[in-house]
Amino acid sequence: MTPDQIAARSDLQLLDIRELHEWNTGRVPGSRHIPMDEIPDRLGELAPARPVLVICRSGRRADRISAWLGGHGYDARTLTGGILQWRREGGTLEQPSVAGPVGSMEQPTAGPVTVEIIQTPGLGNRSYLAHDGEVALVVDPQRDTDRIRVLLDTTGVRLSHVFETHIHNDYVTGGLQLSQELGATYVLPTAEKVSYPHLGVADGDVIEAGGMRIRVVATPGHTHHHMSYLLTDAAGGEVAAFTGGSMLYGTTGRTDLLGSEHTEPLARAQHASVRRLAAELAPATRVLPTHGFGSYCAATPADGDDSTIGRERERNPALLLDEDAYVEELLAALTDIPAWYARMAPLNQAGPPPVDLTLPREATARELRFRIDAGEWVVDLRDRIAYARAHLPGSLSFELSEPSANFLTQLGWLLPDGMPLTLIGETLRQVAEAQRELVRIGIDEPAGAATGPIETLAGHAPLASLPRASFDELARTRESADVLVLDVRRAAEHADGVLDGSVRIPLHGLMTRLGELPRDRQIWVHCASGYRATVAAGLLKAHGYDVVLVDGGPGASPASAPPDARAPR
């Protein structure tokens with residue numbers, strides 16, 4: 001149906017099933033908004049006697065809901081091609097009268113130039129959009145670029161440039177797709193070897209975007225060709241320095257991501273780069289890094305949500321320590337690198353494919369059982385306590401909690417390359433959120449998904465459970481039983497205390513070290529909060545071990561165990 005044909009059909013119920021942030025970018029006039037995962041609970045809002053035209057961005061989600069509505073007695077059809085096709089055929093869109101907040105974005109303003117912060121807690125990173133009211137630029141965008149497009153539409157500005165400070169090692173960039181879709185210039189360090197069109201920039205280059213000017217500053221250290229970008233307004237005032245993985249808040253980016261042979265030379269380059277920024281930029285200039293909000297790309301934990309060049313001069317180790325002392329401190333602080341990092345740079349250099357957030361097809365109870373029995377990963381996104389109480393035998397717990405850093409880090413670290421992945425969630429919204437997190441690190445197109453009560457997803461098969469205990473119960477049990485205590489924290493956490501006689505295998509190394517664990521002893525597994533211990537317990541149980549989850553609740557940790565159960569490292 002064309003826009004004119006739709007407008008002529010007064011009997012049609014126009015049902016837009018997109019997410020709220022999509023709906024706020026513009027909607028077909030006269031349409032009703034019910035997000036996809038809310039439709040079962042809000043079905044009563046649709047008149048059964050009138051046909052329904054289901055609308056989404058491209059038509060894929062709408063096809064699924066149309067079929068579901070048809071099964072419930074509705075005359076339902078899909079707007080072919082969705083909002084994208086609607087626009088191509090000349091259809092108009094209604095715009096929201098007042099622009100509300102967009103996800104987790106903040107909107108600080110510096111003079112005539114506004115800088116928007118797009119936060120991605122699951123990665124511990126930030127992206128940025130700066131504009132002068134008419135023209136915008138974006139720095140280091142993550143792969144789910146719809147958040148940025150919403151912001152562009154809301155502010156009514158045109159994107160002219162997308163800047164990358166470096167080829168990223170911790171996530172798949174959205175920069176290439178964003179620049180191609182919106183006709184923006186894609187800017188990368190000129191020495192980077194990539195296979196797609198872009199504008200290469202070198203130290204000292206200046207790029208104009210509307211009333212904004214961006215000066216390129218070479219800041220090697222996090223990578224060989226890393227650049228920072230100094231943003232100035234039309235009057236020449238320094239608005240901000242986009243420092244990527246160079247100067248972070250109270251720390252710097254790690255320097256060991258390109259191989260051990262480069263670690264120390266890059267650390268020395270990092271020291272010089274941060275000092276250059278501090279020497280050349282004004283004290284009041286805002287520092288806007290990409291990493292440092294929980295990202296493993298930070299050499300040490302960062303401090304705070306905002307900073308300036310002046311504040312960093314007072315606290316950043318690269319500015320307080322001489323080169324040798326800084327290098328020694330940085331190298332000593334480096335920890336394990338998440339496994340998925342090895343795949344990110346090659347993918348970003350080759351040019352990542354366009355992201356597709358279409359929900360996976362629905363998996364039946366029979367299919368879930370088949371996939372588990374075939375050795376595939378069926379991941380339960382529910383609260384870990386609910387998982388412990390009842391779950392599909394052989395399924396694994398990766399709770400999608402807030403913030404989602406645990407979920408993305410642990411699943412991304414542990415999922416074997418090429419392993420089919422099926423998601424179990426309480427709602428479609430939960431599945432969609434997990435899928436959004438996963439595409440950011442290149443885990444695309446899950447094999448399937450299932451939602452609803454876990455008893456329904458089990459079909460007629462029995463459910464499994466996982467015994468839970470506190471650290472006090474562990475101490476009492478050890479007085480009378482020969483149990484094995486497994487500590488799945490990382491080595492850097494052992495300074496907080498360890499349980500006497502425990503076996504220490506970090507979660508990310510568990511699957512390669514299963515042979516070290518006996519099958520004739522009950523294993524009590526713990527971490528610091530209970531999240532990683534639940535992941536480990538699910539993996540062990542799926543491999544036939546007798547497991548108890550030590551999950552004492554908020555604040556419980558090895559340090560809170562009875563004193564006679566602890567031992568210093």
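At what angle do helix α14 and helix α18 pack? Good morning, everyone; let's start there, keeping in mind that this is a predicted model. The answer is about 35°, and the two axes lie 11 Å apart. For orientation, α14 covers residues 405–414 and α18 covers residues 531–542. Their crossing is right-handed. On the α14 side, the contact is made by Asn406, Phe407, Gln410 and Leu414, and α18 brings Tyr531, Arg532, Val535 and Leu539.

Now to another helix pair, α7 and α10. Helix α7 spans residues 260–280 and helix α10 spans residues 323–333; their axes come within 9 Å and cross at roughly 125°. That angle makes α7 oblique to α10. This crossing, too, is described as right-handed. If you'd like to find the contact on screen, look on α7 for Thr263, Glu264, Ala267, Arg268, Gln270 and His271, and on α10 for Glu323, Asp324, Tyr326, Val327, Leu330 and Leu331. Here the residues divide into 5 nonpolar, 3 polar and 4 charged.

Next, a pair of backbone points. Aspartate 140 is not a glycine, yet has a positive phi of about 50°. You'll find aspartate 140 in the loop between β9, residues 135–139, and α5, residues 146–155. Is aspartate 140 buried or exposed? Buried, because its relative accessible area is 0%.

Glutamate 445 also has a positive phi of about 50° without being a glycine. Glutamate 445 sits in the loop between α15 (428–439) and β21 (448–451). With a relative accessibility of 65%, glutamate 445 counts as exposed.

One more loop, if you'll bear with me. Threonine 223 is found between β14 (212–218) and β15 (227–232). Threonine 223 has 4% relative accessibility and therefore counts as buried. And what is threonine 223 in contact with, once neighbours within four places in sequence are left aside? The list is His166, Ile167, Asn169, Glu192, Leu258 and Leu266.

Last, the cysteines. How many disulfides does a search of the whole structure find? The count is 0. Cysteine 297 is buried at 0% relative accessible area, and cysteine 527 counts as buried at 2%.

Technical notes
Residues numbered from 1 in each chain as written. Predicted model: local features only at pLDDT ≥ 70, side-chain atom pairs only at ≥ 80, totals over all residues. Heavy atoms only, no water. Axes fitted to C-alpha atoms, helices over the stretch in contact; angles between N-to-C directions. Helix = DSSP H or I, 4+ residues; strand = E, 2+ residues; numbered from the N terminus. Parallel < 35°, antiparallel > 145°, perpendicular 65-115°, else oblique. Left-handed = near helix turned anticlockwise from the far one by under 90°. Contact = heavy atoms within 4.5 Å. Nonpolar A, V, L, I, M, F, W, Y, C, P; charged D, E, K, R; others polar. Disulfide = S-S within 2.5 Å. Buried < 20%, exposed > 50% of the residue type's maximum accessible area, 1.4 Å probe, protein only.
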